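Please read the following note beside the sequence and the three-dimensional view.

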Amino acid sequence: MISVSNVTKHFDKVHALAEVNLDIAAGEFITIVGPSGCGKSTLLRIIAGLVSTNGSVMKPAKGAFVFQDAALLPWRNVQKNVELLMELESVPKAQIAEKARSVLQQVGLTGFEKSYPHQLSGGMKMRLSLARSLVLRPDYLLMDEPLSAVDELTREVLQEEIHTLWNKDKFTAILVTHNVAEAVYLSNRVVVMSPRPGEIIHIVDVPFGDDRNQKLRSTSKFTKLVSDISGKLRTWK
Amino acid sequence: MEIKNIAPPILVLILFLLVWSFAASLYDMVFLLPGPLTVAQAFVSDFELIVGGLWITFQEALYGYLLAITIGVTFAAIMSQSKILERSFYPYAILLQTLPAVAVAPLIVLWFGFDMQSVVIISLIISLFPIINNTLLGLKSTSINLVELFQMHNSSRFINFFKLRLPAAIPNVIAGLRISAGLSVIGSIVGEFIVGSGSEGGGLGVMIIYAQGDLETPLVMALILTATLLGFAFFMTVSALGYYLLHNWHESEIS
């Protein structure tokens, strides 16, 4: 599990995070939503260990971070990009090729091994970014608005793919987004944050099972929950 | 290459040669302004002489250039490793640029002798700064997300440099190398002007001085043209290297 306690953050004079306490069970999918500038990305970076804090963060050893812009190495082709984190994590050379092949197949990038990132669509870049992280079999995966740059249709397809990947590997997931429907579709719990200085104002349980698909989006329960959470976000303003 | 790409510069060249011929025919004084044909004749009649000088200048410029690349990239790599190192040394890198190399040349001759190595050092000094500056800029401009990605996966300083910062800096390194390609040849010519003949015949710069003394203006022009083309060849070689390294991924070379 991941345990965040008494986490606060000031950037010079800006009070970014008030005080955040949050426990996330192993294998749970949590989404953090909140208005722009509420410190949700900062919180994610604190959990990742990329930003310092006065509080404490307990987490498993193996994690990965998916960046908003996919953060691919433009000089490496798809194959070499998917191998990158395995190289950094010293995965034995003999295993790298097979793992890469299998994960590329999972995210539907087989046949694109020799392509370079600039030749890929936004959705494919994000698939590659996910594949590069998931191939490590991480205990937890942190995602910072990974789908904000793709078109609406691709966005929904990728949400379904992320759900499938999570269902299969059951890593602990923390997603930051400002798309409430995305939060509801993917998560077990949705964490709602206030504007700066960010703090948690609601934690909403999502009562849908782990076997979700496109049809869920049009159910009244789904749309009601989305509008409830949107309302919570709005009333704060 | 397509016709529409080559045709415009060739037209400009023809136009230039015509204007030049016309001007030369107006003056009709070979030692003041020889026409293009006269210069071409000098090329042919003094071909062996020119090739001999070219060979010497080529070596001086090449050694100066290679030294500048080695020292410049290494120096930039060291400075990129810490803010303190950069603050300590960068001002002196700038001084290297503002240093009047021509004025320092006599000192270099004093220290290193009337020899090819002095010319190489002058060429090095003149071509060093653009390489340091551009490489450093490139090494410092790595995308923050990529730096964080590597940080997440505990990469060492060494891995960071070779797998991330250096490849990300290649477009800037190439930009620096392109500027310095021509400068290294200019540096050699300047060096030869001051250092003088050396032991064997001397390079293009030395020959220019002798030819000028003999009022052999067509030969002077042929030598200048040769030196210019040498710099151009350096530039094109580096451009080809840049294309090879970047055409798969960098905006500047993706066709």
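This is a predicted model: local features need pLDDT of at least 70, side-chain atom pairs count only at pLDDT 80 or more; totals for chains, interfaces and linings use all residues.

1. A salt bridge here is a side-chain nitrogen of Lys or Arg within 4 Å of a carboxyl oxygen of Asp or Glu. By this rule, 2 salt bridges are found across the interface of chain A and chain B. One of them joins Arg45(A) to Glu148(B), with the closest N and O atoms 2.8 Å apart.

2. Residues are numbered from 1 along each chain as its sequence is written, chains are lettered from A and ligands numbered from 1 in the order in which they are written, and side-chain values use heavy atoms, with hydrogens and water left out.

3. How many residues does each chain bring to the contact? Chain A brings 24 residues and chain B 18 residues, where contact means heavy atoms within 4.5 Å. The two chains bury about 1,900 Å² between them, 67% of it on carbon and sulfur atoms; buried area is the accessible area (1.4 Å probe) that two parts lose on being put together, summed over both. Leu50(A), Trp75(A) and Leu88(A) supply 34% of the area that chain A buries against chain B, more than any other three residues.

4. On the side of chain A that touches chain B, α1 (40-48), β5 (63-66) and α2 (78-88) each supply at least two residues. Helices (H or I, at least four residues) and strands (E, at least two) are DSSP runs, numbered from the N terminus. The most comes from α2(A), with 4 residues. This side of chain A divides into 15 nonpolar, 3 polar and 6 charged residues; Ala, Val, Leu, Ile, Met, Phe, Trp, Tyr, Cys and Pro count as nonpolar, Asp, Glu, Lys and Arg as charged, and the others, Gly among them, as polar.
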